[in-house]
Amino acid sequence: MTAQPRGGTPIRLSGILTGQPLSMWPKSDPTLLTSNSMKVLVIDIGGTNIKVASTDMRVPVKIPSGPTMTAEEMTKDVLAATAGWTYDCISIGYPGPVVHHRPIAEPHNLGAGWIDFPYEKAFGKPLRFINDAAMQALGGYKGGRMLFLGTGTGLGSAMIFDGIVIPLELAHLPYKKGLTYEQYIGVAGLERRGVKRWRKSVLDIITRLQAGMVCETVLLGGGNAKLMKDLPNHVILGANSNAIDGGIKLWQDVDPELANHVPAKQSSAKRTQKT
């Protein structure tokens, strides 16, 4: 499994131990999410909070973020909050487009300086980036064709189509009255229009996007999803653990030695193959 995030080429995910499709991956036991016993630190970056958890520490620690938060500040805060934790690698859920495990655009709801920041040098560990919506979708996927919508500070979106993670950019597409989807059902729309009108818009947008993406189910996540009532049967309310589970799954296929980028061992492996 190599999960290529939003903005990159969609990649099929499979369970490497069994050869089974993603829909057959274990869902209940966190210890079965990785095939190599690697301990993963998961950083879920949001416009209001950064949530940090790990293979061992499943209850997330919340770090306030906001419109002035920079990548450098995030790194310092995360390292301080996780001092004493043990982990081998890092997954970062990023609120913006990602290609080849690097952000390619600044986030809309945070400060600047995220694109060129030296993350691996700062953390001292191998890491993988994925769009935050795609990471939540990956953690909550149970098979088939599923659309994910995350109603938090903004609006995250992703799709998993028969085991293929397809990151999306739907938040800033036009919706009504010159406003975007995000402006209607992100936190600004909730505060401006009130919860009853916001709920109505959420259901309308779900109907439109589900039809357009030809999906069987919709996973509704994000911090404000809990405000919804009377959801249709095909709409599933996301669990708080989805982002953490998705971040752990990102490393399911990786050999611990290769993850640490040890040149000597890689060179030795190449010489063995030639002989």
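This passage describes the overall makeup of a predicted model and then its salt bridges. Residues are numbered from 1 along each chain as its sequence is written. Local features need pLDDT of at least 70 and side-chain atom pairs count only at pLDDT 80 or more, whereas totals for chains, interfaces and linings use all residues, and side-chain values rest on heavy atoms, with hydrogens and water left out.

The protein chain contains nine helices and 15 strands, which are DSSP runs numbered from the N terminus (helices H or I, at least four residues; strands E, at least two). Of its 275 residues, 47% are buried, where buried means under 20% relative accessible area, exposed over 50%, and partly exposed in between, with a 1.4 Å probe and protein chains only.

The structure holds five salt bridges, each defined as a side-chain nitrogen of Lys or Arg within 4 Å of a carboxyl oxygen of Asp or Glu. One of them joins aspartate 56 to lysine 39, with the closest N and O atoms 3.1 Å apart; because aspartate 56 lies in the loop between strands S3 and S4 and lysine 39 in the loop between strands S1 and S2, the pair ties together parts that are 17 residues apart in sequence.

In another, aspartate 245 pairs with arginine 58 at 2.4 Å between the closest N and O atoms, linking helix H7 (residues 242–249) with the loop between S3 and S4, 187 residues apart. Aspartate 245 is buried, at 10% relative accessible area, while arginine 58 is partly exposed, at 26%.
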